[in-house]
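Here is a friendly walk through one chain and its ligand. Please keep the structure open while you read.

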Amino acid sequence: MKSRYEAAKQVFVDSVDIEDYIDLDASVAAYKQLEYSLEKPLKMILLFGRPGTGKSILLNRIQEKLKHQKEIHYFDTPAVNEKEFFHKLFKVLTQKDLPSNTEVNFSALVEFCQNLRGKREIIILLDEAQMYGTEMMEKIRLLSDSRAVKFVVSLHKTDDEDLIAKEHFQSRIWEVIELKNATKEDQTAYIHKKLLKKNLFEIANSIKAKDMKLIHKFTKGNYRECNKLLFTIFEICEYYDKNEPAKVNYAHIHHRIIEMSALKLGYIHV
Ligand SMILES: Nc1ncnc2c1ncn2[C@@H]1O[C@H](COP(=O)(O)OP(=O)(O)O)[C@@H](O)[C@H]1O
Ligand SMILES: [Mg+2]
């Protein structure tokens, strides 16, 4: 028989699916800030945060919400090369396909954008922008100077490198929206709501406030880490459910299981 924990485990497979978006306090605040910033005459807006804080899902959400009112496009991972990126951009801007063997004439594209000023307003959501090189960012900036194209640049915050300090980011006055790791409240809501969406009420109820505190401590409120931890917790629960059901407390997830998962993921050491 299939364990009930199988479904719970699947809930925490890391993915960016707009159907799974949840209104959390911090996401709602960042969303509103982003929506508001998009109304301002800004050329570039910076969305900033550590990996796993929900930048991609937020960009997807805003694209989904505004796509009927605005020309808004989401660019996920940067194209392998510049040529491919400009082809994609060319298509979005000119609404025409460029033959694949043709190089985009950049200055012509800039001019094209200048002519769009006041006629069209295009929003480009650039995810994973830390992967674009300085030259690319400079070109992106030149396009944004036309004021026909606005860029939302999503960047990972890393420990070793302060990307914002880089010249091409620093020299512009941008709006900065920062996503932080989740508070215990937001993370609790995230876990519960994700399970409830799949009708896993009993399992949601089996994770108590104390457990949430522990989960938050181990993951530091990072959503990606949270997904990993919950996946592992339910994986272990599933194992016991199948092999030693007498040991399973369905009403309350055992602390030992949370700790075993944390150990497995290297959050704690023996
Ligand atoms: N508001 C939210 N609603 C639903 N899922 C979320 C939310 N915020 C983050 N997540 C989930 O957390 C994980 C990490 O989010 P992601 O957008 O990929 O982060 P980032 O792009 O900052 O690395 C994903 O599985 C994502 O679906
Ligand atoms: Mg991302």
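In which loop is Lys220 found? Lys220 sits in the loop between α10 and α11. A word on what you are looking at: this is a predicted model, in which local features need pLDDT of at least 70, side-chain atom pairs count only at pLDDT 80 or more, and totals for chains, interfaces and linings use all residues. Residues are numbered from 1 along each chain as its sequence is written, while chains are lettered from A and ligands numbered from 1 in the order in which they are written.

Let us start with the whole chain. The chain has 12 helices and five strands; helices (H or I, at least four residues) and strands (E, at least two) are DSSP runs, numbered from the N terminus. Its C-alpha trace spans about 70 × 35 × 35 Å along the principal axes. Of its 270 residues, 31% count as buried. Here, buried means 20 or more other C-beta atoms within 10 Å of the residue's own, exposed means 12 or fewer, and partly exposed lies in between, with C-beta atoms placed from the backbone.

Now back to the loops.

The axes of α10 (residues 209-219) and α11 (residues 223-243) come within 9 Å and cross at roughly 125°; axes are lines fitted to C-alpha atoms, for helices over the stretch in contact, and angles run from 0 to 180 degrees between N-to-C directions. On α10, Ile215, Phe218 and Thr219 make the contact, and on α11 the partners are Glu225, Cys226 and Leu229. Contact means C-beta atoms, placed from the backbone, within 7 Å. These residues divide into four nonpolar, one polar and one charged. For these classes, Ala, Val, Leu, Ile, Met, Phe, Trp, Tyr, Cys and Pro count as nonpolar, Asp, Glu, Lys and Arg as charged, and the others, Gly among them, as polar.

Finally, the ligand. Around ligand 1 there are 19 residues, of which Ile22, Gly54, Lys55, Ser56 and Tyr223 come nearest (a residue is near if its C-beta atom, placed from the backbone, lies within 6 Å). Both α3 (55-66) and α11 supply at least two residues of this shell. By class, the shell has seven nonpolar, eight polar and four charged residues.

How values were computed: Contact = placed C-beta atoms within 7 Å.
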